[in-house]
Amino acid sequence: MSKKLFIQSYGCAMNFSDSEIVASILKKEGYKLCDQIENSDLVLINTCSIREKAEHTVRKRLETINVHKKNNSSMVVGILGCMAERLKNKLLNEEKIVDIVAGPDAYRDLPNLVKNVIYKNEKSINTILSLEETYENIEPVRIDSNGITAFISIMRGCDNMCSFCVVPYTRGRERSRNPYSIINEAKDLFNKGYREITLLGQNVDSFKWSPLNNNKIKLEKQSENKDVVYFCDLLEMTANISPDLRIRFSTSHPKDITSDVLSVIKKYDNVCNYIHLPAQSGNSRILKKMNRTYDRTWYLNKINDIRSIVGNSCGISSDFITGFCSESESEHLDTLSLMDNVIYDYSYMFYYSERPGTLAHRKYKDDIPLETKKRRLDEIVKKQNIHSFKRNELTIDEQYKILVEGVSKKSDKFLRGRTSENKMVIFSKKDNIIGKYVDVKIKECNSATLFGEIC
Ligand code: SAH
Ligand code: SF4
Ligand code: F3S
């Protein structure tokens with residue numbers, strides 16, 4: 001009889017993608033995915049540490065899992081991902097319900113960790129980070145898949161050391177996956193009917209791979225080293241699989257996105273006109289303190305490059321943090337003015353949450369009062385809503401090629417899909433078009449969604 005695995009993911013797309021790798025590793029051990037926690041033999045929670053709130057959510061979730069474990073004492077509970085890596089043994093000591101703690105590079109060891117718990121009745125932990133692990137030969141089991149869009153992990157870790165960020169500590173050193181295994185995975189997905197892939201990494205534009213020594217390549221120019229595969233090459237290789245396979249990528253660090261990448265976006269219709277380019281702040285002193293390695297002018301020049309190479313219609317989104325250590329009112333106004341300058345299509349916005357062990361925690365005081373952080377957040381959120389509406393209004397009466405992803409979440413009389421620029425479009429239902437491309441003319445919009453009719 002097969003054993004049942006319940007797996008739940010929090011945090012970024014990398015975590016959701018990792019859970020698919022975990023499901024694949026455990027499938028070989030006879031575990032089948034199950035969506036009822038109470039009937040599961042193994043419950044795994046893939047966790048996020050990016051902000052204090054993210055960790056709090058997981059702690060709360062453990063309380064509800066505890067109720068199920070009381071009714072099913074043989075249930076094994078494991079914590080995976082960034083919280084596992086950050087807290088290590090502390091998690092086992094603090095959360096009595098937890099049997100397994102496994103960091104992001106330890107998933108191949110999960111079968112052993114589980115057996116240890118079941119047969120030896122011992123709690124198990126592996127939080128060793130790796131310089132090489134990319135899980136490149138593991139075919140992910142697609143969880144909650146719509147059969148149309150999928151993530152492909154192309155690199156792991158991050159070497160950037162932004163001073164506020166816990167990721168370099170929880171995910172380890174940056175390493176790129178063999179591009180040929182990426183292409184094979186993408187081709188396989190296309191052959192199975194998928195029509196959109198998102199290439200994933202904390203910093204995709206610094207992807208670089210060489211058949212000789214993947215981890216020791218210096219940042220050389222492409223022309224100087226013919227064997228090295230850079231991100232622009234990988235993008236082009238995936239774009240060439242089929243014009244019917246859409247390619248997205250996330251996330252780009254402003255310091256690494258090159259005009260070669262922008263030219264590939266321009267050259268290929270199936271490479272989406274959308275770039276997530278987190279600014280974090282609009283003030284150069286704060287950016288320096290954040291260790292982002294660019295300043296306001298440099299960032300705005302990058303935006304100009306995007307507008308001039310890819311075009312004005314290119315979707316651009318950002319991440320912002322309000323109330324970082326010592327941020328003054330006028331420095332906060334610089335963030336608002338940067339937003340006015342760029343007019344983003346969308347932004348993910350947060351107030352600063354100090355993370356133990358980071359550079360900012362060690363060097364700077366978390367000295368902006370919570371209510372100020374929240375008020376500043378509220379101001380940027382309001383501005384972004386106005387800008388999103390403004391950008392969406394530009395699409396009215398225009399025609400867009402939409403990949404139909406499914407039925408609208410609000411009404412089954414409507415379908416939903418996205419434009420190349422990553423805008424969600426709702427339109428009247430028609431039979432047999434889910435998973436296909438259709439042309440839609442936009443009639444109306446709000447700040448989040450476009451509404452149109454099939455042409
Ligand atoms: N690698 C991506 C970001 C990963 S984390 C990049 O560099 O863009 C996603 C976002 O969470 C970050 O862009 C940042 O805006 C936010 N974030 C990270 N650490 C944070 C912290 N300590 N407090 C608040 N927001 C944070
Ligand atoms: Fe964190 Fe910066 Fe790396 Fe993004 S680039 S994951 S914000 S350290
Ligand atoms: Fe969270 Fe880890 Fe992703 S901290 S945002 S799950 S890399």
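**Figure 1. The loop holding Thr251.** Thr251 is found in the loop between β13 (246-250) and α9. In this predicted model, the peptide bond that joins Ser250 and Thr251 is cis. Its omega is about 5°. Most peptide bonds are trans.

**Figure 2. The loop holding Met161.** Which loop does Met161 lie in? Met161 belongs to the loop between β8 (155-156) and α6 (167-171). Met161 is not a glycine, yet its phi is positive, at about 55°. Most residues other than glycine have a negative phi. Met161 is also one of the residues around ligand 2, which is the subject of the next view.

**Figure 3. The residues around ligand 2.** The shell includes the cysteines Cys158, Cys162 and Cys165. Asn160, Met161, Phe164, Val167 and Pro168 are also among the residues around ligand 2. Gln202, His253 and Arg292 complete the list. By class, the shell around ligand 2 has 7 nonpolar, 3 polar and 1 charged residues.

**Figure 4. The residues around ligand 3.** Cys12, Asn15, Thr47, Cys48, Ser49, Ile50 and Cys82 are among the residues around ligand 3. Val167, Arg171 and Gln202 are also part of this shell. Which domains supply at least three residues each to the shell around ligand 3? They are domain 1 (3-126) and domain 2 (145-272). The shell around ligand 3 divides into 5 nonpolar, 4 polar and 1 charged residues.

**Figure 5. Domain 2 beside domain 3.** The domain assignment of the protein gives domain 1 (3-126), domain 2 (145-272) and domain 3 (399-454). How many residues of domain 2 are in contact with domain 3? There are 10, and they touch 12 residues of domain 3. The centres of domain 2 and domain 3, taken over C-alpha atoms, are separated by 27 Å.

**Figure 6. Helix α7 against helix α8.** Helix α7 covers residues 179-191 and helix α8 covers residues 231-239. Their axes come within 10 Å and cross at roughly 25°. Angles under 35 degrees count as roughly parallel, and therefore α7 is roughly parallel to α8. The crossing of α7 past α8 is right-handed. On the α7 side, Pro179, Tyr180, Ile182 and Ile183 make the contact. They meet Leu234, Met237 and Thr238 in α8. By class, this contact of α7 with α8 has 6 nonpolar, 1 polar and no charged residues.

**Figure 7. Helix α8 against helix α9.** Helix α8 also packs with helix α9 (residues 259-267), at an angle of about 15°. The two axes are 8 Å apart. Are α8 and α9 roughly parallel or roughly antiparallel to each other? At this angle they are roughly parallel. α8 passes α9 in a right-handed crossing. Phe231, Cys232, Leu235 and Glu236 in α8 meet Asp260, Val261, Val264 and Lys267 in α9. The residues of this contact of α8 with α9 divide into 5 nonpolar, no polar and 3 charged.

**Figure 8. Helix α11 against helix α12.** Helix α11 spans residues 296-309, and helix α12 spans residues 329-342. The axes come within 11 Å and cross at roughly 15°, so α11 and α12 are roughly parallel to each other. α11 passes α12 in a right-handed crossing. Which residues of α11 make the contact? They are Arg296, Tyr299, Leu300, Ile303 and Arg307. From α12 come Asp334, Ser337, Leu338, Asn341 and Val342. By class, the contact of α11 with α12 has 5 nonpolar, 2 polar and 3 charged residues.

Note on methods
Residues are numbered from 1 along each chain as its sequence is written. Chains are lettered from A and ligands numbered from 1 in the order in which they are written. This is a predicted model: local features need pLDDT of at least 70, side-chain atom pairs count only at pLDDT 80 or more; totals for chains, interfaces and linings use all residues. Side-chain values use heavy atoms; hydrogens and water are left out. A residue is near a molecule or strand if one of its heavy atoms lies within 4 Å of it. Ala, Val, Leu, Ile, Met, Phe, Trp, Tyr, Cys and Pro count as nonpolar, Asp, Glu, Lys and Arg as charged, and the others, Gly among them, as polar. Domain bounds come from an automatic or database domain assignment. Axes are lines fitted to C-alpha atoms, for helices over the stretch in contact, and angles run from 0 to 180 degrees between N-to-C directions. Helices (H or I, at least four residues) and strands (E, at least two) are DSSP runs, numbered from the N terminus. Angles under 35 degrees count as roughly parallel, over 145 as roughly antiparallel, 65 to 115 as roughly perpendicular and the rest as oblique. A crossing is left-handed if the near helix is turned anticlockwise from the far one by less than a right angle, and right-handed if clockwise. Contact means heavy atoms within 4.5 Å.
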